[in-house]
Amino acid sequence: MTPIRKSKPGPSLRCSDAPPDGLLRGIEEFNRGEFFEQHETLEAIWIKEPDPVRYLYQGILQVGVGFYHWRRGNWRGAVAKLRQGLEKLESYRPSCMTIDVERLITETTSLKQELERRGAADLLPFPAAGLPKVHRVRPAEKLAGR
């Protein structure tokens, strides 16, 4: 079996593609707060994808894992995974595969900053009001450079 040649994080020519079923399923799980399940779903497509769009999948996955750690009271793990996920998502702004990456980054960054400001000793109860979700954009919005 030939190993998949992995790319580096960065823009993808596949951003205009329709999202694969696994990505849509992972987003549904993420938005329902099923962060362990979304990890499993998105990991299954992330590890097989040779294109840089794999880091979009991994970025969403890591944000979800950050929320999972937060729910379990692990401030350090939450902040670390949110940071890693945000770094991965950066190349896919403003949208990719109909995912509103800009909104996810903006909302997650604000929450991560609040967690960092308060620190481990004053961890916000989970879930916070306005917990970020993964939103989609309509193709017309995407083409307009949203």
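This is a predicted model: local features need pLDDT of at least 70, side-chain atom pairs count only at pLDDT 80 or more; totals for chains, interfaces and linings use all residues.

W70, by contrast, is buried, its relative accessible area being 2%. The ring centres of W70 and F126 are 5.0 Å apart and their planes stand at 85°, so the pair is edge-to-face. This pair links distant parts of the chain, since W70 belongs to helix α3 (residues 54-71) whereas F126 lies in the loop between α5 (101-118) and α6 (139-143), 56 residues apart.

By the rule applied here, the number of aromatic pairs comes to seven. One of them joins F30 and F35, again edge-to-face, with 5.6 Å from centre to centre and 85° between the planes. F30 is buried, with a relative accessible area of 2%, and F35 is buried as well, with a relative accessible area of 2%. The two pairs described so far are set side by side below.

| Aromatic pair | Centre to centre | Angle between planes | Arrangement |
|---|---|---|---|
| F30 and F35 | 5.6 Å | 85° | edge-to-face |
| W70 and F126 | 5.0 Å | 85° | edge-to-face |

Another kind of ring contact involves R54, whose charged end sits over the ring of Y55 at 5.3 Å from its centre.

F30 and F35 also take part in the packing of two helices, as F30 is among the residues of α1, and F35 among those of α2, that meet at the contact between these helices. On the α1 side the contact is made by G22, L23, R25, G26, E29 and F30, and on the α2 side by F35, E37, Q38, T41, L42 and I45. Helix α1 (residues 21-31) and helix α2 (residues 35-46) pack at an angle of about 165°, with their axes 8 Å apart. Because angles over 145 degrees count as roughly antiparallel, α1 and α2 are roughly antiparallel to each other. The crossing in which α1 passes α2 is left-handed.

For the chain as a whole, there are six helices and zero strands, and the elements run α-α-α-α-α-α from the N terminus on. Of its 146 residues, 47% count as buried. Among the contacts between residues at least 6 apart in sequence, 68% join residues at least 24 apart.

Methods:
Residues are numbered from 1 along each chain as its sequence is written. Side-chain values use heavy atoms; hydrogens and water are left out. Rings of Phe, Tyr and Trp (its six-membered ring) pair if their centres lie within 6.5 Å; planes under 30 degrees apart count as stacked, over 60 as edge-to-face and the rest as tilted. Buried means under 20% relative accessible area, exposed over 50%, partly exposed in between (1.4 Å probe, protein chains only). Helices (H or I, at least four residues) and strands (E, at least two) are DSSP runs, numbered from the N terminus. A charge sits over a ring if NZ of Lys or CZ of Arg is within 6 Å of the ring centre and within 35 degrees of the ring normal. Axes are lines fitted to C-alpha atoms, for helices over the stretch in contact, and angles run from 0 to 180 degrees between N-to-C directions. Angles under 35 degrees count as roughly parallel, over 145 as roughly antiparallel, 65 to 115 as roughly perpendicular and the rest as oblique. A crossing is left-handed if the near helix is turned anticlockwise from the far one by less than a right angle, and right-handed if clockwise. Contact means heavy atoms within 4.5 Å.
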